[in-house]
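Visitor: Hi, I have a structure to look at and I'm new to this. Can you walk me through it?

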Amino acid sequence: MPRCWACPWCGPSKTRHDWAPRWRSCELLTDQTPVTKMTFNCCADGGFQRVLEAGARPQVLMAGIEAHVCVYQTARALAAAGYEVEVVADAVSSRNPEHKALALAKLQQPGVGWTCVEMALFELLQTAEAPAFKAILEIVK
């Protein structure tokens with residue numbers, strides 16, 4: 001399954017260590033290299049665009065922060081570019097919960113769907129016979 005993730009690591013003052021508390025869950029992506037970016041909309045970054053296109057997938061699942069800035073702008077751009085986009089609603093956040101709610105509401109207008117972590121995981125697995133099923137089940141229980 002191709003993955004692409006972007007991080008706002010921008011120069012010496014923004015290192016992985018500065019963001020460590022937010023990236024603990026990304027420790028599972030040990031075989032991945034993040035795409036560093038300065039743009040709020042990941043699609044405006046050439047490096048992100050190249051990695052995304054190399055995956056040759058028409059669907060994108062999105063998680064991240066800030067829901068009302070980077071997630072919102074990227075989801076709209078992806079939808080406008082013809083991707084099927086779903087934002088994992090319980091895997092996005094904003095410092096202000098009202099900003100998250102507003103972003104999710106506005107994203108429905110351009111045709112961006114919502115999902116939740118558990119729904120997305122089981123949709124990706126498709127069957128209880130999948131090799132990762134037991135590991136995923138332990139996470140969601």
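Guide: Let's start with a term. A helix axis is a line fitted to C-alpha atoms over the stretch in contact, and angles between axes run from 0 to 180 degrees between N-to-C directions. Keep in mind that this is a predicted model.

Visitor: At what angle do the axes of α4 and α5 cross?

Guide: They cross at roughly 170°. The axes come within 11 Å.

Visitor: Parallel or antiparallel, then?

Guide: Roughly antiparallel, because angles over 145 degrees count that way.

Visitor: Which residues of α4 and α5 meet?

Guide: From α4, Glu 118, Leu 121, Phe 122 and Leu 125. From α5, Phe 133, Ile 136, Leu 137 and Val 140. The residues of this contact divide into 7 nonpolar, no polar and 1 charged.

Visitor: What lies in the loop between α4 and α5?

Guide: Gln 126 is in that loop. Its phi is positive, near 70°, and it is a residue other than glycine.

Visitor: Is Gln 126 buried or exposed?

Guide: Exposed, because its relative accessibility is 71% and the cut-off for exposed is over 50%.

Visitor: Let's zoom out. How many helices and strands does the chain have?

Guide: There are 5 helices and 5 strands. From the N terminus, the order is β-β-α-β-α-β-α-β-α-α.

Visitor: How much of the chain is buried?

Guide: Of the 141 residues, 31% count as buried. The chain exposes about 9100 Å². Carbon and sulfur atoms supply 56% of that area.

Visitor: And what share of contacts join residues at least 24 apart?

Guide: 65%, among contacts between residues at least 6 apart in sequence.

Visitor: Now the core. Which residues in the largest nonpolar core touch the most other members?

Guide: Met 62, Ala 75, Leu 78, Val 85 and Val 87. This core has 21 residues. The elements that give two or more residues to it are α1, β3, α2, β4 and α3. The largest share, 5 residues, comes from α2.

Visitor: Pick one of those residues. What does Val 85 touch?

Guide: Leaving out residues up to four places away in sequence, Val 85 touches Val 60, Met 62, Ala 75, Leu 78, Ala 79, Val 112 and Gly 113.

Visitor: Back to α2. Which of its residues are buried?

Guide: Ala 67, Cys 70, Val 71, Tyr 72, Thr 74, Ala 75 and Leu 78. The buried residues of α2 pack against α1, β3, β4 and α3.

Visitor: How do α2 and α3 pack?

Guide: At an angle of about 10°, with their axes 9 Å apart. That makes α2 roughly parallel to α3, because the angle is under 35 degrees.

Visitor: Which residues meet there, in α2 and α3?

Guide: Ala 67, His 68, Tyr 72, Ala 75 and Arg 76 in α2 meet His 99, Lys 100, Ala 103, Lys 106 and Leu 107 in α3. By type, the contact has 5 nonpolar, 2 polar and 3 charged residues.

Visitor: What about Gln 73? Is it exposed, partly exposed or buried?

Guide: Gln 73 is in helix α2. It counts as partly exposed, because its relative accessibility is 31% and that class runs between 20% and 50%. Gln 73 touches Phe 40 and Asn 41, not counting residues up to four places away in sequence.

Visitor: How far apart are Gln 73 and Thr 39?

Guide: They are 34 residues apart in sequence, and 9.8 Å apart in space, C-alpha to C-alpha.

Visitor: Time for the backbone. Which residues does the cis peptide bond join?

Guide: Ile 65 and Glu 66, with omega of about -20°. Glu 66 is in the loop between β3 and α2. Just after α2, Gly 82 takes a positive phi of about 95°.

Visitor: And Ala 56? What is its phi?

Guide: About 50°, a positive value, although Ala 56 is not a glycine. Ala 56 sits in the loop between α1 and β3. Ala 56 is exposed, with a relative accessible area of 64%.

Visitor: Last one. Is Val 35 buried or exposed?

Guide: Val 35 is buried, because its relative accessible area is 9% and buried means under 20%. Val 35 lies in strand β2. Val 35 and Val 51 are 16 residues apart in sequence and 8.3 Å apart in space, C-alpha to C-alpha.

Notes:
Residues numbered from 1 in each chain as written. Predicted model: local features only at pLDDT ≥ 70, side-chain atom pairs only at ≥ 80, totals over all residues. Heavy atoms only, no water. Core = buried A, V, L, I, M, F, W, Y, C linked by side-chain atoms within 4.5 Å. Buried < 20%, exposed > 50% of the residue type's maximum accessible area, 1.4 Å probe, protein only. Helix = DSSP H or I, 4+ residues; strand = E, 2+ residues; numbered from the N terminus. Contact = heavy atoms within 4.5 Å. Parallel < 35°, antiparallel > 145°, perpendicular 65-115°, else oblique. Nonpolar A, V, L, I, M, F, W, Y, C, P; charged D, E, K, R; others polar. Areas by Shrake-Rupley, 256 points an atom, 1.4 Å probe, with all protein chains shown as cover.
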